[in-house]
Amino acid sequence: QPRTPVRLVPTLLAAHAVPPEFADRRAEYLDLICDELIPAAAGLAHFCDAFVERGAFTIDEARRVLTVGKAHGLRPKLHADQLTDGGGAALAAELGAVSADHLEHTGAAGIRAMAASGTVAVSLPIATMTLAEPPFRARPWIDAGVPVAVATDFNPGSATCFDLPLALYLACQLQRMTPAEALKGATIYAARAVGRDADLGSLEPGKQADFVLIDAADVTDWFYPWRGAAISAVWLAGLRHI
């Protein structure tokens, strides 16, 4: 199989779940994150993330973690409103988070808050399909002016697939995004979600020449009917790798 170089944008997600060894010492784990893990990650990670959800972390806990992260130069991100509308989107807006993931259950107030803050909404259609959860409702977000990214959420628990073209196809089928909206979500809005839209994510003068050649007449032809990756060639920094 052909291989290409992979660039990573590191994020600290210590506040995803309380480890079993801290099950009865929740406050101590939060202290560990804020007093030790975040300072240790400063200069290594670019972002600090937290999961706000019933059974994960509360609004106040996440606010503390992300505020400490900001003080150490880590821009905030959030996993929010995946199973319930717990106010995660509003917290993302409050803290000026670069992005918030999931958001399937965010209400109108949260959508308005993120529209005002410019926070990117990252939709994860493979995760909702895997968990048999209601899909992200893209249209209210797009109509409100929120940039909607599309990603795979590849992980061993809820999205065991790293096929980005499949995520784009599902974004069209399940989230009712147009093919052009889905493609924009995986390019310039995805770059914005990791703070790299100044030099990646679109073909513009002065940006890095990272792009793929797709064997399709246009983006609609790519996603209707489903054609898989259909990648003919890959360029990274202007050099062809495939």
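Biologist: Which exposed residues does the face of H4 turned away from its buried side carry?

Modeller: In this predicted model, helix H4 spans residues 108-117. The face turned away from the buried side of H4 carries two exposed residues, Arg-112 and Ala-116.

Biologist: Within what arc do the buried residues of H4 fall, seen down its axis?

Modeller: The buried residues of helix H4 are Gly-110, Ile-111 and Met-114. They line one face of the helix, because, seen down the axis of H4, they fall within an arc of 100°.

Biologist: What covers the buried residues of H4?

Modeller: The cover includes both helices and strands. Among the strands are E4 (99-102) and E5 (120-123). The helices included are H3 (88-95) and H6 (138-143).

Biologist: Which residue with a positive phi follows H4?

Modeller: Helix H4 covers residues 108-117. The residue that follows H4 has a phi near 80° and is Gly-118.

Biologist: Is Val-148 buried or exposed?

Modeller: Val-148 is placed in strand E6 (residues 148-150). Beyond four places in sequence, Val-148 touches residues including Phe-136, Trp-141, Met-177 and Tyr-189. Its relative accessibility is 2%, and therefore Val-148 counts as buried.

Biologist: How many Å apart are Val-148 and Ala-121 in space, C-alpha to C-alpha?

Modeller: The two residues are 27 residues apart in sequence. Ala-121 is among the residues that Val-148 touches. From C-alpha to C-alpha, Val-148 and Ala-121 are separated by 4.8 Å.

Biologist: How far from buried Asp-49 is the nearest side chain of opposite charge?

Modeller: Asp-49 lies in strand E2 (residues 47-52) and has no salt bridge. The nearest side chain of opposite charge belongs to Lys-77, at a distance of 6.2 Å.

Biologist: With which side chain does the side chain of Asp-49 make a polar contact?

Modeller: Leaving aside neighbours within four places in sequence, the residues in contact with Asp-49 include Thr-11, Leu-66 and Leu-78. The polar contact of the Asp-49 side chain, at 3.1 Å, is with the side chain of His-79.

How values were computed: Residues are numbered from 1 along each chain as its sequence is written. This is a predicted model: local features need pLDDT of at least 70, side-chain atom pairs count only at pLDDT 80 or more; totals for chains, interfaces and linings use all residues. Side-chain values use heavy atoms; hydrogens and water are left out. Helices (H or I, at least four residues) and strands (E, at least two) are DSSP runs, numbered from the N terminus. Buried means under 20% relative accessible area, exposed over 50%, partly exposed in between (1.4 Å probe, protein chains only). Lys and Arg count as positive and Asp and Glu as negative; His and the chain ends are not counted. A salt bridge is a side-chain nitrogen of Lys or Arg within 4 Å of a carboxyl oxygen of Asp or Glu. A polar contact is a pair of N or O atoms within 3.5 Å; within protein, one must be able to donate a hydrogen and the other to accept it, and residues adjacent in sequence count only if both atoms are side-chain atoms. Contact means heavy atoms within 4.5 Å. The arc is that of the directions from the helix axis to the C-beta atoms.
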